[in-house]
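Subject: A structure for you to look at

Hello,

Here is the structure I promised to pass on. Have a look at it first, and then read my notes below.

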Amino acid sequence: MGDISLNILILNDDGIAAEGLRTLAKHLARRHCVTVAAPMHQQSGTSHALTIGSAIEVRSDKTFDEVYDIAAWAIDGTPADCAKLYLDAIAEELPDVVLAGINHGSNLGTDVIYSGTIGAAFEGFFHGIPSFALSRTEDSRISFSEASACFEPFMEKVMTLNEKPFLLNVNFPKEFTGDTPRFISCRQGGRDYINAFERIEENGRIHYKVAGEISDTDKGAGTDIYAVEHGLISVTPVGIDMTDYPLLEKLGKSV
């Protein structure tokens, strides 16, 4: 795989200054052509939200260019804004692959509904481009550099095996099981949060802040949650079609 060279767009939801994004970009720029288009500010939990009715500021970020020859754009919008704006308005040619991450924190189970990381990667997929969403658990002992290094050959291998566009949700565990990092294909598990909001009373006003504890409702063998809890790198193909086909069939027979 050492002779493959790709045109890569990297996005995220943690913001353009985030360590995970910068580490991934710098690592891949050694052999590939890398462009960054990321939010100016933290945008976690924004899913696939788009900015409608307001102008979006775009700035060239020279801190990437000086050493790594990476064209980088800081965009005052959501992760999906960054992807869509770059692909539709800035890019002179579409990239070979879109990467979102490496996110500071996992995106497992139903996290994919809320994740800005997934939202950014989805926009690449919408444009017919192979896309990966990359995340690492917050308490991981695996460095962003290690994650980037083992992801690169995996990405190259998948790119040579798949002709059609795809979206893969990739999550790195707290630590690897065994001597060799293992990527494992798995389905999406079920995740919810207990006590999702913290009530705050201040100066006679009531506020709520997102908090909560993780409650995994489906983390059996074969799920992304199970894989990560057992020291494996989960790889979950994610699709656009959200149709409930069993219910569709039932409705078709009765309505």
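Please keep in mind that this is a predicted model. Let's start with helix H5, residues 116-126: 10 of its 11 residues are buried, so the helix is largely enclosed by the rest of the structure. The buried ones are Gly-116, Thr-117, Ile-118, Gly-119, Ala-120, Ala-121, Phe-122, Glu-123, Gly-124 and Phe-125.

What covers them? The cover includes strands S1 (7-11), S5 (97-104), S6 (131-136) and S7 (167-172), along with helices H3 (79-90) and H4 (111-114). H5 lies across S1, S5, S6 and S7, and it runs at about 165 degrees to S6. Now look at the two ends of this helix. At its start, a side-chain oxygen of Ser-115 comes to within 3.1 Å of the backbone nitrogen of Thr-117. After the helix comes Gly-128, which has a positive phi, near 75 degrees.

Next, the sheet. It is open, has 9 strands with mixed pairing, and its order is S3-S4-S2-S1-S5-S6-S7-S13-S8. At the edges stand S3 (58-60) and S8 (183-185); each has a single partner strand, so one side of each is left without a neighbour in the sheet. On average, neighbouring strands here are turned by 20 degrees against each other, direction ignored. The partner of S8 in the parallel sense is S13 (residues 233-237), over 3 bridges.

Another helix to find against the strands is H1 (residues 19-28). It lies across S1, S2 (33-39), S5 and S6, and runs at about 140 degrees to S5.

There is also a hairpin to look for. Strands S10 (residues 197-202) and S11 (residues 205-210) run antiparallel and are joined by 6 bridges. Ile-200, for example, has His-207 in S11 as its bridge partner. The hairpin has 2 residues between its strands, and Asn-203 takes a positive phi near 55 degrees.

Finally, is Thr-137 buried or exposed? Its relative accessibility is 10%, and the cut-off for buried is under 20%, so Thr-137 counts as buried. You will find Thr-137 in the loop between S6 and helix H6 (144-161). Beyond its neighbours within four places in sequence, Thr-137 is in contact with Gly-105, Ser-106, Phe-172, Pro-173, Lys-174 and Val-228.

Conventions. Residues numbered from 1 in each chain as written. Predicted model: local features only at pLDDT ≥ 70, side-chain atom pairs only at ≥ 80, totals over all residues. Heavy atoms only, no water. Buried < 20%, exposed > 50% of the residue type's maximum accessible area, 1.4 Å probe, protein only. Helix = DSSP H or I, 4+ residues; strand = E, 2+ residues; numbered from the N terminus. Contact = heavy atoms within 4.5 Å. Polar contact = N/O pair within 3.5 Å; in protein donor to acceptor, adjacent residues only side chain to side chain. Pairing = 2+ DSSP bridges. Axes fitted to C-alpha atoms, helices over the stretch in contact; angles between N-to-C directions.
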